[in-house]
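Please read the report below alongside the sequence and the 3D view. It is written for someone meeting this structure for the first time.

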Protein chains: 2
Amino acid sequence: MTSATSPFAPVEAELSALSENLKKLIGARHPVLYAAAEHLFATRGKGLRPALVLLVARATMPGHDITVRHRQLAEITEMIHTASLVHDDVIDTADVRRGVDTVNHLFDNRVAVLAGDYLFGKAAWYLASLDDLEVVKLLSKVIMDLPEGEIRQSLTRFDAGLSIDDYLEKSFYKTASLMSGSAKAAAVLSGVEPELAEHLYEFGRHFGIAFQIVDDILDFTGSEEILGKPVGSDLSQGNLTAPVLFALRSQPQLEPLIERQFAQPDDLQQALAWIQDSDGLEQSRELAAKHVHLAMEHLSSLPPSVSRQALIDLTEQALSRTY
Amino acid sequence: MTSATSPFAPVEAELSALSENLKKLIGARHPVLYAAAEHLFATRGKGLRPALVLLVARATMPGHDITVRHRQLAEITEMIHTASLVHDDVIDTADVRRGVDTVNHLFDNRVAVLAGDYLFGKAAWYLASLDDLEVVKLLSKVIMDLPEGEIRQSLTRFDAGLSIDDYLEKSFYKTASLMSGSAKAAAVLSGVEPELAEHLYEFGRHFGIAFQIVDDILDFTGSEEILGKPVGSDLSQGNLTAPVLFALRSQPQLEPLIERQFAQPDDLQQALAWIQDSDGLEQSRELAAKHVHLAMEHLSSLPPSVSRQALIDLTEQALSRTY
């Protein structure tokens, strides 16, 4: 992902520094949190979300260096994202995420709740120190949206009547809110015109939704080895995503299996087979492609630059990724 | 607490509206959160923290009405406080708090983590909408301090070497940070001079520390009926507070019992007896009185008013309360 031709290349130096800074910021005084921070920021590698912030920073300030505040914003996005992963793991009682032991498994729920709260709190405080009320508003909206997404997901488990619109809204809260809010915030810190800042918000929103749809497709088409979790694990937990919701239209026999929460021995395998047989995956790919296309359109409002091209490449890759 | 002569009297109307507003704010769309919110804000009654904010508001704007932003700040403090209680309950795996079932017991850890995150997030967002960067900084520091306090408490369980200074620092993070930050924020929203705002910060800090010390005394002297938890429950969980730390000075035989985490059948009863026999409770009362006195001194920088008197009364009552 970080070879010379990777879309991360224009901000590679900043991304390398980011992990180290985060470990210092989080773990300064608490050995347990330090261990958690090391684990979180080391194993997860260089993040997509800070890369988006840094690339938008470069693309909106052609000829200028990335500022300290842009770098701090990139760190804040990674802190918020990590905090929400740590709490999601308590909620899902997940033992493994992407093949790596989760904090609540390595330590316990107690440390996971505290570590997440600490990361959210530190992010909120760090955010205020950027001294820009518009940026504070954008990112605190994100901190509010993330649990909203989880709550919606939690309330609609095994609800076969969920519409694609509900699914897209939930995906906004869970994933696209952070990408849209932080892409716009990076532009605001660059001092761009409100119209361009809004284009970057819309870029992040469509990118985030496409990213989530592809994530949801991979739950059916990915390999357990690469995903670090069994195929169909969202489905088995009642998290109904685009492929299932589209499949339900042509395969209504899926509905009773979902409603009985895959209680019979072969229910889950049968449901997975019907979804594969349907055009649900194809329709999901088309929906993701539509949002990738819209994201690209909004990028075209940026002046041409290496970083704009990197954002375009990242957006294209969101569609073809297999992990 | 809310009779005509109560210190809450000058802000009684605002406090009554607060519970209802919070229920509307939190529970608008989610039945589970609504149930949690009803439960949290209804059973806990009128809050001390919003009362402090509203009284400071009145005392710093003599002759003027409490503003909408002051009322919102009061709501924010109650949201932050409630969010931290909800997460503390997951951490302590408490089933009962003050005689009322906790959210994680009534629902489950999943809902408790989400409800807490949602409250923190909503508070952060609502805070940004106050449009005052200094206020955002003050309260986001609080959101960072609360888990810091819990982490410190968690890391020093059964550590008989804890100093009174460490204990006071931990108490600041856990309790006094919210009171100091929000008292100052209320003054900032009133547009007072920086010096007076700082006095209100110091008032809140000393008030909060005194309040926490009294809380910790009540763990030994209160009745299970009133506290809703067994006498000595902090001690049994290894949370070493002022009375124990002072008692250790004259009763060093306490140390091995603490270090073996009260593993022998009579350890806890024996420790409680030694603490009662020591001057630990008396020294703790003196320490609380010292902070009450300091809090009062800072209040004297306010112009005389009914609300200043109410703040003085509240501060005095912090010392004599039995619940």
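## Basis of the model

This is a predicted model, in which local features need pLDDT of at least 70 and side-chain atom pairs count only at pLDDT 80 or more, while totals for chains, interfaces and linings use all residues. Residues are numbered from 1 along each chain as its sequence is written, chains are lettered from A and ligands numbered from 1 in the order in which they are written, and side-chain values use heavy atoms, with hydrogens and water left out.

## Chain A as a whole

Chain A holds 16 helices and two strands, where helices (H or I, at least four residues) and strands (E, at least two) are DSSP runs numbered from the N terminus. Of its 323 residues, 60% count as buried; buried means under 20% relative accessible area, exposed means over 50%, and partly exposed lies in between, with a 1.4 Å probe and protein chains only.

Among the contacts in chain A with a separation of 6 or more, 74% are between residues 24 or more positions apart, a contact being heavy atoms within 4.5 Å. The accessible surface of chain A is about 12500 Å², and carbon and sulfur atoms account for 51% of that surface; such areas come from the Shrake-Rupley method with a 1.4 Å probe, and for residues only the protein chains shown count as cover.

## Salt bridges within the chains

Side chains of opposite charge can pair when their charged atoms come close. Counting a salt bridge as a side-chain nitrogen of Lys or Arg within 4 Å of a carboxyl oxygen of Asp or Glu, the total over all chains is 20. One of them joins Arg58(A) to Glu14(A), with the closest N and O atoms 3.1 Å apart. This pair links distant parts of the chain, since Arg58(A) lies in helix α3 (residues 48–60) and Glu14(A) in helix α1 (residues 12–27), 44 residues apart. Arg58(A) is partly exposed at 22% relative accessibility, whereas Glu14(A) is buried at 13%.

Another salt bridge brings together Lys184(A) and Glu198(A), at 2.9 Å from N to O. Here helix α8 (residues 164–189), which holds Lys184(A), is linked to helix α9 (residues 194–221), which holds Glu198(A), the two residues being 14 apart. Lys184(A) is buried with a relative accessible area of 13%, and Glu198(A) is partly exposed at 36%. In chain B, Asp267(B) and Arg260(B) form a salt bridge of 2.7 Å from N to O; Asp267(B) is buried at 4% relative accessible area, while Arg260(B) is partly exposed at 36%. Glu148(A), Arg152(A) and Glu169(A) are linked in a network of salt bridges.

The size of an interface is often given as the accessible area lost when the parts come together. Between chain A and chain B about 3600 Å² is buried, with 70% given by carbon and sulfur atoms; this buried area is the accessible area (1.4 Å probe) that the two parts lose on being put together, summed over both. In terms of residues, 39 of chain A are in contact with 39 of chain B.

Two salt bridges are counted between the chains, among them the one from Lys137(B) to Asp131(A), whose closest N and O atoms are 3.0 Å apart. On the side of chain A that touches chain B, the elements giving two or more residues are α2 (31–43), α4 (68–92), α6 (109–128) and α7 (133–155). The largest share of this side, 14 residues, comes from α7(A).
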